[in-house]
Amino acid sequence: MKRLIPLALAPVVLAAAPVADPYRWLEEIEGPRALGQVKAWNAETEALLTKDPRYEQDRARAKAILDDEAQIADADAVLGDRVTNLWRDAKNPRGVWRIAALDDYRAGKPQWRTLIDVDALGKAEGKSWVWHGASCLEPDYARCLVRLSPGGTDAQVVREFDLTTGRFVDGGFVLPEAKNDVAWIDRDTLLVTTDWGAGSLTASGYPRIAKVWKRGTPLSAAVTVHESPASAVEVSAASYVDAERRWPMVSVGHTFFERELLVQAPDGRFVPLGLPKGADVVDVIGGRAVAKLNVAADGFPAGALVAWSLPEIVAGRRPKGELVMAPGERQAIEEVSASDNVLWVKLLDDVSGRLLALRRQPDGRWTQAPVALPGNSTVHLGATAGKRDEAFVTVEGMLTPPMLYAVRDGAAPRAVQSLPARFDAAKYQVVQRFATSRDGTRVPYFLVTKKGATAPAPALIHAYGGFRNAQTPTYLTGQPYRAGPLALFWVEQGGAYVLANLRGGGEYGPKWHQAGLREKRQNVFDDLHAVGDDLVRTGVSTKGKIGISGRSNGGLLVGVAMQQRPDLYGAVIAGSPLEDMQRYSHLSAGASWIDEYGDPDKPADWAFIRRYSPYQNVKAGVRYPPVFFYLSTKDDRVHPGHARKLAALLKQNGNRVYFHEYLEGGHSVGADHAEDARRAALLDAFLRRELMGK
């Protein structure tokens with residue numbers, strides 16, 4: 001039997017649920033002892049997996065796929081008659097922020113002008129900058145607030161940039177590194193939330209105080225306009241723009257899923273919108289705040305879009321909401337964006353994407369028209385062009401490369417750019433199937449196999465199951481945060497690739513998410529097991545030959561699954577995972593997720609969390625499936641101690657563990673394509689070794 005040789009660790013007394021945590025020292029993110037252990041584990045994993053005969057081929061091919069200049073140039077934003085894009089390739093691994101004329105972009109022939117070369121900027125300033133985006137002030141869009149992260153953490157710096165000169169503004173607005181947020185009020189005024197000093201953060205480590213900052217004054221002179229208690233999750237800055245005006249807002253996250261907005265009134269005060277509990281504002285159009293309801297309220301069903309008049313709100317009146325649209329039983333509203341007169345809604349219909357164009361009629365009714373895009377696909381709603389009432393959308397499938405369209409209400413979509421095929425799709429087939437979970441719930445999943453395959457094959461299931469996040473199928477070369485090119489490599493070798501749509505996500509709206517919350521979390525795990533069992537029942541795969549993959553909350557999912565069904569799974573990939581659910585709320589941003597998981601410091605909540613928390617459920621004498629942990633030292637969202645501690649405990653109990661911790665990249669792990677490609681190659685080698693016996 002192939003196995004990793006466990007590294008020598010300090011002797012400990014092992015127990016299924018240690019009273020004293022023997023690996024607490026691994027929570028010291030950059031502690032010398034902890035980093036020494038990480039480097040030893042990294043070296044062990046690399047020495048073993050880079051010997052795989054496919055490793056270098058996979059790494060080089062993944063890098064070529066990710067760096068290929070034949071990629072969709074997605075519009076980050078439409079700035080009047082111009083469009084911006086962040087471009088990453090082999091020459092520019094951290095990216096080039098650039099701008100082109102909107103007409104040229106729409107015609108598929110943009111002439112790009114570089115605004116910021118992120119790699120060159122980082123080299124000049126001695127920083128490992130990672131792009132976090134930019135927001136530019138209408139109507140001339142001359143001034144922008146640029147966000148840059150050191151190494152890919154959630155923390156960022158904000159600097160004012162002049163599009164006209166192509167330079168950062170001398171003496172302009174600058175926010176130092178912090179988990180901050182900022183929005184324009186006007187050219188000389190910002191709404192800011194940041195670390196203002198001792199006592200200014202929430203228990204989750206995010207800002208709790210919003211201030212208005214005037215140009216020409218020090219940041220310390222900014223005036224407080226809102227302050228929430230430390231028990232809140234976060235206070236952030238927002239600003240919505242419709243055809244007539246800008247609506248600056250303070251966003252208060254009382255919990256992860258309950259957010260209140262305060263809008264700036266003409267006298268400068270920020271007044272509550274007063275929307276129902278659980279209403280999330282998605283955009284503003286025609287002076288109306290459009291919100292998605294996560295619970296039924298005011299006679300409107302959960303999952304519906306409802307609009308309220310902002311002028312009436314700032315005048316001190318309580319307007320009546322008007323129904324914009326309500327999705328059907330098997331539908332969910334996933335993305336919403338407004339141009340001047342059209343509300344664009346991306347709808348999931350049994351997890352397939354549809355796009356609708358909605359307009360408000362003089363009598364207050366909202367009419368909707370479907371946009372004629374290819375069916376049975378995933379639709380990504382991108383930037384909108386306000387005055388033109390145009391939206392840019394990308395359409396793709398697991399075997400269909402992405403295509404960018406420009407769409408207008410009532411007109412045929414115009415193809416702007418298409419990605420060339422990166423593999424011969426005729427060799428493969430994709431189907432949507434439904435497994436039956438333990439309580440009878442139908443759980444959808446997408447399955448990709450080689451055409452004509454009849455014998456059971458090793459399978460890889462990727463899943464998430466939490467935080468309302470829907471898992472929609474994308475081209476097999478994939479995004480690095482999911483499985484990257486790994487999915488393609490896997491099916492080319494005869495493996496089956498599965499994308500599972502578990503409860504806890506947003507595939508069927510609020511009810512689907514709520515069915516996996518807190519004490520109902522076992523439903524999510526049961527759904528994953530049901531998909532695995534269905535692969536066995538239908539002859540796609542066999543027990544012990546099924547790999548499971550998940551990142552972040554998905555890393556928790558697979559950590560639990562390997563303990564509950566070691567008979568079913570043969571390999572586990574856990575990226576940036578939560579694993580110690582007894583301490584998660586005290587590590588990094590963990591306190592912000594209590595609404596999702598429960599509070600382990602409360603005995604009643606710990607009673608149900610304790611049943612599945614991976615770190616507390618390792619049992620001596622049980623052989624668990626081999627697991628590959630990948631993560632980042634710089635992850636300031638999910639603490640790296642989760643993966644480190646579970647890896648140590650599993651290894652000490654004689655289980656096969658592979659571990660790779662990147663020094664940069666933040667929660668997404670890969671700071672650039674080189675790291676993403678390396679990870680895809682390591683994971684393929686891991687799966688080949690454990691599921692194919694290679």
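**Helix α13**

I began with helix α13 (residues 673–691), whose 19 residues reach 26 Å from the first C-alpha to the last, close to the 27 Å expected at 1.5 Å a residue; the expected span is 1.5 Å times one less than the number of residues. Helices here are DSSP runs of H or I with at least four residues, strands are runs of E with at least two, and both are numbered from the N terminus. I note that this is a predicted model, in which local features need pLDDT of at least 70 and side-chain atom pairs count only at pLDDT 80 or more, while totals for chains, interfaces and linings use all residues. Residues are numbered from 1 along each chain as its sequence is written, and side-chain values use heavy atoms, with hydrogens and water left out.

I then looked up burial, where buried means under 20% relative accessible area, exposed over 50%, and partly exposed in between (1.4 Å probe, protein chains only). Of the 19 residues of α13, 17 are buried, so the helix is largely enclosed by the rest of the structure. At the start of α13, I found a side-chain oxygen of Asp672 within 3.2 Å of the backbone nitrogen of Ala674. After α13 comes Gly693, with a positive phi near 70 degrees.

**Aromatic rings**

How many aromatic pairs does the structure hold? I find 20 aromatic pairs, where rings of Phe, Tyr and Trp (its six-membered ring) pair if their centres lie within 6.5 Å, and planes under 30 degrees apart count as stacked, over 60 as edge-to-face and the rest as tilted. Phe173 and Trp213 form an edge-to-face pair, with 5.0 Å from centre to centre and 65 degrees between the planes. Phe173 lies in the loop between β8 (167–168) and β9 (174–178) and Trp213 in strand β12 (residues 209–214), so this pair ties together parts that are 40 residues apart in sequence. Both Phe173 and Trp213 are buried.

I also looked up Phe423 and Tyr428, an edge-to-face pair at 6.0 Å centre to centre and 70 degrees between the planes. Phe423 counts as buried at 10% relative accessibility, and Tyr428 is buried with a relative accessible area of 5%. Elsewhere I noted a cluster in which ring pairs link Phe256, Phe257, Phe467, Tyr584 and Tyr597.

Next I checked charges over rings, which requires NZ of Lys or CZ of Arg within 6 Å of the ring centre and within 35 degrees of the ring normal. The charged end of Lys211 sits over the ring of Trp196, 4.4 Å from its centre, and Arg330 lies over the face of Tyr508, at 4.1 Å from the ring centre.

**The disulfide and a cis proline**

The structure holds 1 disulfide, a disulfide being a pair of cysteine sulfur atoms within 2.5 Å. The disulfide joins Cys136 to Cys144, with an S to S distance of 2.1 Å, and the link is right-handed, with 105 degrees about the S-S bond. Cys136 and Cys144 are both buried. I also looked at Pro139, which is placed in the loop between β5 (129–136) and β6 (143–150); the peptide bond from Glu138 to Pro139 is cis, with omega near 5 degrees.

**Thr633**

Is Thr633 buried or exposed? With a relative accessible area of 5%, Thr633 is buried, and I place this residue in the loop between β36 (627–632) and α12 (641–652). The side chains of Thr633 and Glu661 are joined by a polar contact of 2.5 Å, meaning a pair of N or O atoms within 3.5 Å; within protein, one must be able to donate a hydrogen and the other to accept it, and residues adjacent in sequence count only if both atoms are side-chain atoms. Leaving aside neighbours within four places in sequence, the residues in contact with Thr633 (heavy atoms within 4.5 Å) include Ile29, Glu30, Leu35 and Arg644.

**Positive phi**

Lastly I looked up Asn376, which is not a glycine but has a positive phi of about 50 degrees. Asn376 is found in the loop between β25 (366–370) and β26 (378–385) and counts as exposed at 74% relative accessibility. Arg468, in the loop between β32 (459–462) and α6 (486–492), also has a positive phi, near 65 degrees, and is partly exposed, with a relative accessible area of 26%.
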